[in-house]
Amino acid sequence: GEGEKPQKKEKKVSKKSKDDGDEESKGGRGNRKRQSNSYSSYIYKVLKQVHPDTGISKKAMQIMDNFINDIFDRIATEAGKLARYNKRHTITSREVQTAVRLILPGELAKHAVYEGTKAVTKYNSSEGGALSGRKKE
């Protein structure tokens, strides 16, 4: 894994300033693997849905993870701008949908909007949905 080579970590200390002292922030539990937020498990699940007998290298997985983080960032930034332009303090599914339409090209945007609408509808109809048990506007 990533946190198993202490020699490399000590070399990188000067470069990294954000995540130093993670032992203290985790309640001083000592030698534990650092939590690394990644979409790799989800990427893998989707890969297996579309190509059950295809694998993915570590480098390819990093590229996919970076790709998802990049797209997420672009959509979130655009949705934030849309909220600001309309003097709103909240990014809703409406801002996200508009951001997706602006950022993703043609057919990809249509599919993304369809899947997003489907996900929001499923969430809202479920027990834990944001609008279930609340008056719908």
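Reader: Which residues form the largest nonpolar core?

Author: In soluble globular proteins, nonpolar side chains tend to be buried together. A nonpolar core is here a set of buried Ala, Val, Leu, Ile, Met, Phe, Trp, Tyr and Cys residues joined through side-chain atoms within 4.5 Å. Buried means under 20% relative accessible area, exposed over 50%, and partly exposed in between, with a 1.4 Å probe and protein chains only. In this predicted model, the largest nonpolar core consists of nine residues: Ile-71, Ile-75, Ala-79, Leu-82, Ala-99, Val-100, Leu-104, Ala-109 and Val-113. The greatest contribution, four residues, is that of α4.

Reader: How many helices and strands does the protein chain have?

Author: Helices (H or I, at least four residues) and strands (E, at least two) are DSSP runs, numbered from the N terminus. The protein chain has six helices and zero strands, which gives the pattern α-α-α-α-α-α along the sequence. Of its 137 residues, 15% count as buried.

Reader: What span does helix α4 reach from its first C-alpha to its last?

Author: The expected span of a helix is 1.5 Å times one less than its number of residues. Helix α4 (residues 58–85) has 28 residues and reaches 40 Å, close to the 40 Å expected.

Reader: Which residues of α4 are buried, and what covers them?

Author: An α-helix has 3.6 residues a turn, so residues three or four places apart point the same way. In α4, the buried residues are Met-61, Asp-65, Ile-71, Ile-75, Glu-78, Ala-79, Gly-80, Leu-82 and Ala-83. Their cover includes α3 (40–50) and α5 (93–103). Contact means heavy atoms within 4.5 Å. Apart from neighbours within four places in sequence, Leu-82 is in contact with Glu-95, Thr-98, Ala-99 and Leu-102.

Reader: Is Ala-109 buried or exposed, and which residues does it touch?

Author: Ala-109 is found in helix α6, and it counts as buried because its relative accessibility is 8%. Not counting residues up to four places away in sequence, Ala-109 touches Val-100, Arg-101 and Leu-104. Between Ala-109 and Ala-99 there are 9.6 Å in space, C-alpha to C-alpha, and 10 residues in sequence.

Reader: Where does Lys-87 lie, and what is its phi?

Author: Most residues other than glycine have a negative phi, and most peptide bonds are trans. Lys-87 is not a glycine, yet has a positive phi of about 55 degrees. Lys-87 belongs to the loop between α4 and α5, just after α4. Since its relative accessibility is 73%, Lys-87 counts as exposed.

Reader: What lines the second largest pocket?

Author: On a 1 Å grid over the protein atoms alone, a pocket is an open set of points where a 1.4 Å probe fits, with protein on both sides within 12 Å along at least five of seven lines; lining residues have an atom within 4 Å of a point. The second largest pocket is lined by 25 residues, and Ile-75, Val-96, Val-100, Ala-112 and Gly-116 lie nearest its centre. Two or more lining residues come from each of α4, α5 and α6, and the largest share, 10 residues, belongs to α6.

Reader: How does Ala-112 sit among its surroundings?

Author: Ala-112 is also a residue of helix α6, and it counts as partly exposed because its relative accessibility is 28%. Leaving out residues up to four places away in sequence, Ala-112 touches Val-100 and Leu-104. Ala-112 and Gln-97 are 15 residues apart in sequence and 8.5 Å apart in space, C-alpha to C-alpha.

Technical notes. Residues numbered from 1 in each chain as written. Predicted model: local features only at pLDDT ≥ 70, side-chain atom pairs only at ≥ 80, totals over all residues. Heavy atoms only, no water.
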